[in-house]
Amino acid sequence: MHVVGAQGPTKRLVVVADNSLIVEAIAIGLRKSGAFKLLGHVNARTGSIQSIVEAGPDVVLIDDLDGSDESIELVARIKAAQERVAVIVLATTMDPEWLDAIFAAGAAGAISKATHPAALATLVRETIDGHVIHLYKSSGGVRTDRPAAVAAEQSPLTSRELEVLQLVAGGATNGEIAQKLWVTEQTVKFHLSNVYRKLEVGNRTEASHYAHVNGLVRAPEPTGAY
């Protein structure tokens, strides 16, 4: 167990990963929220289930390497050793069959590794609070590869407002949004005020929460991903 450390959090969390850069990216994303205490990290290949359980986490965040069966087995072994722990997987793939297997093994959620680090804490918190559901089902159904597009069609937002919302949910600042969309920050603020009014939310955090819970977030570009 390699201690990472953080101050004043709500949930005790252990990261299971074998890449120190990924661990650091996760640590930065979670530490800023103040909602988690990072107890440390366990190497995914050499660490033991006992070392994870003995740390006493409320949440175990597993970095999946390649949509492997090893991750599925790891989830099942952690849940067998400590049922109350919420296990969340940072997933390389969002293949429906693999996701079904992860959930069947006992995972509380799966978050895409393309998620911006700034949005990670919100997604982990919403998952353990039961506000995020598994949208994909492979058994007897048609695979849906564009849930965000489907949700967007039912949204009251214009295409530009939706684009601004998606960038906010990805952790972008007003300045970064303005640069990306080639508009002024004042224009971004105008669009955000319309987003808040239409969604009946009061701030960026609530708007981001709404976007994630209602499937309005599309996979971001690789830049800044884990």
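Q: Which residues does G106 touch, not counting residues up to four places away in sequence?

A: Contact means heavy atoms within 4.5 Å. With residues up to four places away in sequence left out, G106 touches V75 and K79.

Q: What kind of model is this, and how are its residues numbered?

A: This is a predicted model, in which local features need pLDDT of at least 70, side-chain atom pairs count only at pLDDT 80 or more, and totals for chains, interfaces and linings use all residues. Residues are numbered from 1 along each chain as its sequence is written, and side-chain values use heavy atoms, with hydrogens and water left out.

Q: How many helices and strands does the protein chain have?

A: Helices (H or I, at least four residues) and strands (E, at least two) are DSSP runs, numbered from the N terminus. In the protein chain these come to 10 helices and five strands. Among its contacts between residues at least 6 apart in sequence, 71% join residues at least 24 apart.

Q: Where is G106 found, and what is its relative accessible area?

A: Buried means under 20% relative accessible area, exposed over 50%, and partly exposed in between (1.4 Å probe, protein chains only). G106 lies in the loop between helix 4 and strand 5 (109–112), and its relative accessible area of 24% makes G106 partly exposed. For the protein chain as a whole, buried residues make up 43% of the 226 residues.

Q: At roughly what angle do the axes of helix 3 and helix 4 cross?

A: Axes are lines fitted to C-alpha atoms, for helices over the stretch in contact, and angles run from 0 to 180 degrees between N-to-C directions. The axes of helix 3 (residues 69–81) and helix 4 (residues 96–104) come within 8 Å and cross at roughly 20°. Angles under 35 degrees count as roughly parallel, over 145 as roughly antiparallel, 65 to 115 as roughly perpendicular and the rest as oblique. Helix 3 is therefore roughly parallel to helix 4.

Q: Which residues make the contact between helix 3 and helix 4?

A: Helix 3 contributes S71, I72 and V75, and helix 4 contributes W98, A101 and I102. For classes, Ala, Val, Leu, Ile, Met, Phe, Trp, Tyr, Cys and Pro count as nonpolar, Asp, Glu, Lys and Arg as charged, and the others, Gly among them, as polar. The contact of helix 3 with helix 4 has five nonpolar, one polar and no charged residues.

Q: Which residues of helix 4 are buried, and what do they pack against?

A: P96, W98, L99, D100 and I102 are buried in helix 4. The buried residues of helix 4 pack against helix 3, strand 4 (86–91) and strand 5.

Q: At what angle do helix 8 and helix 9 pack?

A: Helix 8 and helix 9 pack at about 105°, with their axes 8 Å apart. That makes helix 8 roughly perpendicular to helix 9. In this contact, N174, G175, I177 and A178 of helix 8 meet E185, V188, K189 and L192 of helix 9. By class there are four nonpolar, two polar and two charged residues.

Q: Why is helix 5 largely enclosed by the rest of the structure?

A: Nine of the 12 residues of helix 5 are buried, so helix 5 is largely enclosed. One of its residues is T127, which is buried, with a relative accessible area of 8%. T127 and A108 are 19 residues apart in sequence and 6.8 Å apart in space, C-alpha to C-alpha. Just after helix 5, G130 takes a positive phi of about 80°.
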